[in-house]
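Please look over the model below before reading on. The points that follow are meant as a colleague's note and can be checked against the display one at a time.

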Amino acid sequence: MERKVEGFESLIAWQQARALVKEIYRVSRKGDFAKDYGLRDQIQRASVSIMSNIAEGYERGNRNEFHQFLAIAKASCGEVRSQLYVACDVAYISEPDFEKLSQQCRQLSKIISGLKTSIQTQRKQTK
């Protein structure tokens, strides 16, 4: 049975992406990380891209486009994870923060994958 979604804000993927953005901003505003404008701005933009693409894809109201925007959001998840390695390698974030944020990214990526699969199934059923 398909659950009715009342706006992108009710999507677990978007909610988790929002939580990730909050954490990325928290860690990237501290110490040397805050002074590395390139990495700081890039990881912030990539994390915001995740939640923005989920929202934009949903709001387009078309399953094909939503699926494509979810693919972009998932790719941005990978980008954030990769940048977290850089931040950890140069000691901008602690190992525990790295582990926590990396795990958040992996979990979010799985949620987005599940949503993509659901959308793909719906697309096939309507053909």
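**Notes on helix H4 and its surroundings**

1. H4 is followed by alanine 91, a residue with a positive phi, near 65°; helices (H or I, at least four residues) and strands (E, at least two) are taken here as DSSP runs, numbered from the N terminus. Most residues other than glycine have a negative phi. Alanine 91 belongs to the loop between H4 and H5, and it counts as exposed because its relative accessibility is 62%, where buried means under 20% relative accessible area, exposed over 50% and partly exposed in between (1.4 Å probe, protein chains only).

2. This is a predicted model, in which local features need pLDDT of at least 70 and side-chain atom pairs count only at pLDDT 80 or more, while totals for chains, interfaces and linings use all residues. Residues are numbered from 1 along each chain as its sequence is written, and side-chain values use heavy atoms, with hydrogens and water left out.

3. H4 comprises 27 residues and reaches 39 Å from its first C-alpha to its last, close to the 39 Å expected, the expected span being 1.5 Å times one less than the number of residues. At its N-terminal end H4 is capped by asparagine 62, which has a side-chain oxygen 2.7 Å from the backbone nitrogen of asparagine 64.

4. The buried residues of H4 include Phe66, Phe69, Leu70, Val80 and Leu84, and also the polar His67 and Gln83. These buried positions of H4 pack against H1, helix H2 (31-35), H3 and H5.

5. Valine 80 touches Ile24, Ile43, Ala46, Ser47, Ile50 and Cys105, not counting residues up to four places away in sequence.

6. Is glutamate 23 buried or exposed? Glutamate 23, found in helix H1, counts as buried because its relative accessibility is 15%. Leaving aside neighbours within four places in sequence, glutamate 23 is in contact (heavy atoms within 4.5 Å) with Lys100, Leu101 and Gln104. Its side chain makes a polar contact with the side chain of lysine 100 at 3.2 Å; such a contact is a pair of N or O atoms within 3.5 Å, and within protein one must be able to donate a hydrogen and the other to accept it, with residues adjacent in sequence counting only if both atoms are side-chain atoms.
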